[in-house]
Amino acid sequence: MKQLHIIFCLLATLLLVSACEKKQTTDAVRLSGEIKGLGNDTILVCGMDRLFGHLDTLTVQNDKFSDTLSVDTLIGVYLIFSDGTECPLYADRHERITISGSADNLSALRVTGSPVNDELTAFREELAALDNPSATAMQKKAAAFIRSHPASAASIYVLEKYFLQQPDPDYKLIEELSDPLTGEVKDRPDMTTLLDFLEESKKLTEGRNLPFFQVTDTEGKKISRNAFKNQYLLIHFWASWDAASRQSNKEDLRPLYESLKKEQKLALLGISLDMDRQAWQDAIRHDGLDWTQACDLKGWETDAVKRLNLTGLPSNILVNSKGRIMGINLTPDEVKEKIEEE
């Protein structure tokens, strides 16, 4: 009888595990796709917010890939390709999401399989149909999308991409576009972060003091602005997986650093949004980044990112020796001019 009881318990446990695994499989979202010309590659999957706050990967073989993501609710993620191109998509439980297109035009991939993705794909195709559109023309289309989709999570992505992640954001317009969005959309973590940013952005302007933050350098030590006494400090945000960041490091930051390091007037602090230590360190070596580098391996959840209201890459903030903000997202020439003027 004791043996029968043990066998019964084992069978019950196996059935329970099987049921749990089946539930997880059923709840998971299925991602599959075919991108002509991509060959064999790896696609990074990065969450837009803390609802999917980690990195995953999709393995591509002969242009095709297929995998599942374990989710509890609607999430937004970026598919990040090896050239740095990002493709946004949304996924919820039970859904089957399909991605198709060509490696020659990764910015125009079709993502289908849910209302949110269908809406976002239609919008992106509408933009792609425009003949060399200006930023103003794209914003006009983006504003029309947001106003006609107040209950769609895709409106958050469009709002950030085409209004917030701009060299000189129109915060008043962003607030006007945000106001009609439904409560469900406004309660999403990425939207609450955006709304908090709008409030904090009023504080992070030229002439104000830089908020305190700490980051971890390559030796594992915590550093802050105070580590760069009696110097101007240019804080530069980047990531090894972001092509524009890597280009900015090479073409803007490295020449700027070489031209000013002898005078020791300007210090540089690179803050990476990487979540893979090896990828971060390899990029530092490969790109010859000789100035101070730091990374907390938390991506967009990095403390400095939150405190300084970072919305896009690459991005920079110039402060003087007293911690007063002298400019945001400056070109190398503008950095030099600011230093010479003071």
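Biologist: Of the contacts in the protein with a separation of 6 or more, what percentage comes from residues 24 or more positions apart?
Modeller: Keep in mind that this is a predicted model. The protein has 11 helices and 15 strands, and its C-alpha atoms fill a box of roughly 85 × 55 × 40 Å along the principal axes. For contacts with a separation of 6 or more, the share from residues 24 or more positions apart is 61%.

Biologist: In the open sheet of four strands, which strands stand at the edges?
Modeller: The order is S4-S1-S7-S8, with mixed pairing. Inside it, S1 (residues 29-36) and S7 (residues 96-102) run parallel and are joined by seven bridges, and Ile35 stands opposite Gly101 in S7. An edge strand has a single partner, so one of its sides has no neighbour in the sheet; that holds for S4 (64-69) and S8 (110-112).

Biologist: Which helix packs on that sheet, touching S7 and S8?
Modeller: Its direction makes about 160° with that of S8. The helix covers residues 115-128, and that's H2.

Biologist: How many of the residues in the contact of H2 with H4 are nonpolar?
Modeller: The axes of H2 and H4 (residues 154-164) come within 9 Å and cross at roughly 35°. H2 brings Val116, Leu120, Phe123 and Leu127, while H4 brings Ala154, Tyr157, Val158 and Tyr162. None of these residues is polar or charged, and the nonpolar count is eight.

Biologist: What arc do the buried residues of H5 fall within?
Modeller: In H5 (residues 171-178), the buried ones are Ile174, Leu177 and Ser178. Their cover includes H3 (135-148), H4, H6 (183-186) and H7 (189-201). An α-helix has 3.6 residues a turn, so residues three or four places apart point the same way. Seen down the axis of H5, the buried residues line one face of the helix because they fall within an arc of 100°.

Biologist: How many residues of S5 are buried?
Modeller: In a regular strand, side chains alternate between the two faces of the sheet. On one side of S5, Ile75, Val77 and Leu79 are buried, and on the other Gly76, Tyr78 and Ile80 are too, so both faces are covered. S5 (residues 75-80) is largely enclosed by the rest of the structure, and the count is six of six.

Biologist: In the hairpin of S5 and S6, which residue takes a positive phi?
Modeller: S5 has antiparallel pairing with S2 (residues 41-47) over four bridges, where Gly47 has Val77 as its bridge partner. With S6 (residues 86-91) the pairing is antiparallel over six bridges, and Ile80 stands opposite Glu86. Five residues lie between the strands of the hairpin, and the one with a positive phi, near 95°, is Gly84.

Biologist: Last one: is Arg285 buried or exposed?
Modeller: Arg285 sits in H9 (residues 277-287), and its C-alpha atom is 33 Å from that of Tyr157, 128 residues away along the chain. Exposed takes over 50% relative accessible area. Arg285 has 56%, so the word is exposed.

Methods: Residues numbered from 1 in each chain as written. Predicted model: local features only at pLDDT ≥ 70, side-chain atom pairs only at ≥ 80, totals over all residues. Heavy atoms only, no water. Pairing = 2+ DSSP bridges. Helix = DSSP H or I, 4+ residues; strand = E, 2+ residues; numbered from the N terminus. Contact = heavy atoms within 4.5 Å. Axes fitted to C-alpha atoms, helices over the stretch in contact; angles between N-to-C directions. Nonpolar A, V, L, I, M, F, W, Y, C, P; charged D, E, K, R; others polar. Buried < 20%, exposed > 50% of the residue type's maximum accessible area, 1.4 Å probe, protein only. Arc of directions from axis to C-beta.
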